[in-house]
Amino acid sequence: MSSDEEKKTQVERLKAEGNALHSKGDYAKARSKYTEAIALDGENAVLYANRAAAYIALKQYLDAGSDAQRAVELDPNYSKAWARLAKASYELHVWPLSVNAWKKALETLPSAELTPTEEQLKQQYEEGLKLAEAEREKSEKKGTTLEQNNLHALPTEDTPWMRALKMEDVLTANNVLNTSAWAIMNAYKDFSEGVRYMKQIKKTDAGIQGNPNALQSIVGGILRDDRVFHMDCEDWLEKLQLQVQFELAAYQGWSTAGPDTVKEEAVKRPEEKGWKAVRGALAATIRAWFLRAYFAERSGESRSLALQYYNNVVDVLEWGAKTWHDVPPEDRGYIFQKTFIRAIKRMRMSAYLAALKDAEDEAECNVEDLIDMANQMVDETTKNTPKDPNDLEGPIDKGAWYSFYVYPVADAHATLGAVFLQQGLSAKQANDTEQAGMMLSTAAKFYNTAAGMYPPDDENFPLFLKVAWEAAYHLGRPLDETLAICKRINDSLPGVRKIWEVSMADKLRTHLLDVELFQQRAYAGLLEKKYTKETPSVRNRPDYGSF
């Protein structure tokens, strides 16, 4: 038997083993078998299509789409490959590509005398096309767009970042560090610099021209404090999409591949092209994925999709940090530093909490995963917090301490508080008094800790205190305790309003109305001798919704 025949036999054996594993539901091992086969025969469309099916089963849709795309390039008449490209694109919410791929899948089927199997495939493809067209239409007809939601109508000087900038000289002269002004102003400095670079982007006959450093600054600003995000022109998103396209091309990043493909190819690039090339490619890819996750979650498009992209980012970052742990930071790049990874994980944790509250997709997230994320955030940050601020990793400025060391831990405590509060309220509703008391007490402690970590002039300080008060109310704590929390909230508001007054979170405004009504009733009851300071707070008000 010739070597070519032996290779062909080995490929067929690996493919058969992969098919058998896929049929049993062992998709990860099936993927590995197809990968081994592709290493021997990289021009086999069936192998790529089969691996795409395994990736789809594993919900790794970027890698699935990349393999399916390769399969249709090798065999444009392969209907199953088109169908898998359509499915992967659908799950990634790329509706136009999904619609086109479903149409291609149908076109590649025989026009007449279909076998029973082909009839079944035709029905599946038609159903897939119908769903994709409906989603595309829904997307196009969305009444409220992200641009409308985020175009600032506020006078420039009233935004938190501009108010903070006006305070900079005074804060510096008086050496004031315990303020939210530093984090938001430095977030704005990064973000606005990136937007300025982005606005230089333009299409010419020679291609796209622009500044290749825009995404670094835009993403850097968001990771410092994502409340800085705003769009100041109608074509903002259009420019950003063009900037992403430009930087991925300029740095030879991975525009369609998923984490497995990126890891497989990235590990070869240092030897082939040098560290500068791989550093730029990975940084552009990671930032593009992050932005996809950020906008999918922020726009309300799909928290499930956001979690997919966040998980892809974390997957590659953790792999790279481990694989290249002995490579100098200046070679492997900033994205593998602990502060960058931590900031990404903080954003992912927030998206998980939002998804869990909405219960959009129980298969994508669960309470145990979220608790693990929060605990790991506290442990990792605490372990790597330098005793000397001059030893900070990453950006060195007054805002960096809060952005990369304080806020992540504070938000982790608030996340744990949210979990225990919900469990406590559920137990209370089920009349499990003992369990409710334990959970609500734990929630109050976590929220109090979170509030105390934020600067007293940050909007999250009174917000988290109010939720701690909410837990104390449901616990039936006495009025002197809950009114003391109300006083701390009220005392913080003048400082908070100096920075956050105009753009203060809607949820905080609602909570403050709650607090005001509670105090009015409590003090009226005390004056009328209906209550004493030992009266359980639960008697003082109707049951408002919790945070």
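Modeller: Happy to, and one term comes first: a residue is called buried when its relative accessible area is under 20%, exposed when it is over 50%, and partly exposed in between. Please keep in mind that this is a predicted model.

Helix 18 runs over residues 338-358 and spans 30 Å from its first C-alpha to its last, close to the 30 Å expected at 1.5 Å a residue. Helix 16 also has 21 residues, and its reach of 30 Å is likewise close to the expected 30 Å.

Leu305 has a relative accessible area of 1%, so it counts as buried. What does Leu305 touch, leaving aside neighbours within four places in sequence? Its contacts are Glu91, Leu92, His93, Arg292 and Ala296. Leu92 is 213 residues away along the chain, yet the two C-alpha atoms are 6.5 Å apart.

His93, one of those contacts of Leu305, deserves a stop of its own. His93 lies in the loop between helix 5 (79-91) and helix 6 (95-107). Its phi is positive, about 65°, although His93 is not a glycine. That is worth a glance because most residues other than glycine have a negative phi. His93 is buried, at 18% relative accessible area. Lys59, in the loop between helix 3 (45-57) and helix 4 (61-74), is another non-glycine residue with a positive phi of about 65°. Lys59 is partly exposed, with a relative accessible area of 37%.

The axes of helix 13 (residues 259-266) and helix 15 (residues 275-298) come within 11 Å and cross at roughly 170°. Angles over 145 degrees count as roughly antiparallel, and helix 13 and helix 15 therefore fall into that class. On the helix 13 side, Pro259, Val262 and Ala266 take part, and they meet Val278, Leu282, Thr285 and Trp289 in helix 15. The residues of this contact divide into six nonpolar, one polar and no charged.

Next come helix 9 and helix 23 (residues 479-500), whose axes approach within 7 Å and cross at roughly 105°. That angle makes helix 9 roughly perpendicular to helix 23. Pro160, Arg163 and Met167 of helix 9 make the contact with Arg497, Lys498, Ile499 and Trp500 of helix 23. By class, this contact has four nonpolar, no polar and three charged residues.

Ile499 leads us to Thr179, which touches Leu171, Tyr402, Pro455, Asp457 and Ile499, not counting residues up to four places away in sequence. Thr179 is in the loop between helix 9 (160-173) and helix 10 (181-198). It is buried, at 2% relative accessible area. A polar atom of the Thr179 side chain lies 3.1 Å from the backbone nitrogen of Ala181.

One more loop to finish: His230 is placed between helix 11 (214-224) and helix 12 (236-250). His230 is buried too, at 11% relative accessibility. A polar atom of its side chain lies 2.7 Å from the backbone oxygen of Val228.

Methods:
Residues are numbered from 1 along each chain as its sequence is written. This is a predicted model: local features need pLDDT of at least 70, side-chain atom pairs count only at pLDDT 80 or more; totals for chains, interfaces and linings use all residues. Side-chain values use heavy atoms; hydrogens and water are left out. Helices (H or I, at least four residues) and strands (E, at least two) are DSSP runs, numbered from the N terminus. Buried means under 20% relative accessible area, exposed over 50%, partly exposed in between (1.4 Å probe, protein chains only). A polar contact is a pair of N or O atoms within 3.5 Å; within protein, one must be able to donate a hydrogen and the other to accept it, and residues adjacent in sequence count only if both atoms are side-chain atoms. Contact means heavy atoms within 4.5 Å. The expected span of a helix is 1.5 Å times one less than its number of residues. Axes are lines fitted to C-alpha atoms, for helices over the stretch in contact, and angles run from 0 to 180 degrees between N-to-C directions. Angles under 35 degrees count as roughly parallel, over 145 as roughly antiparallel, 65 to 115 as roughly perpendicular and the rest as oblique. Ala, Val, Leu, Ile, Met, Phe, Trp, Tyr, Cys and Pro count as nonpolar, Asp, Glu, Lys and Arg as charged, and the others, Gly among them, as polar.
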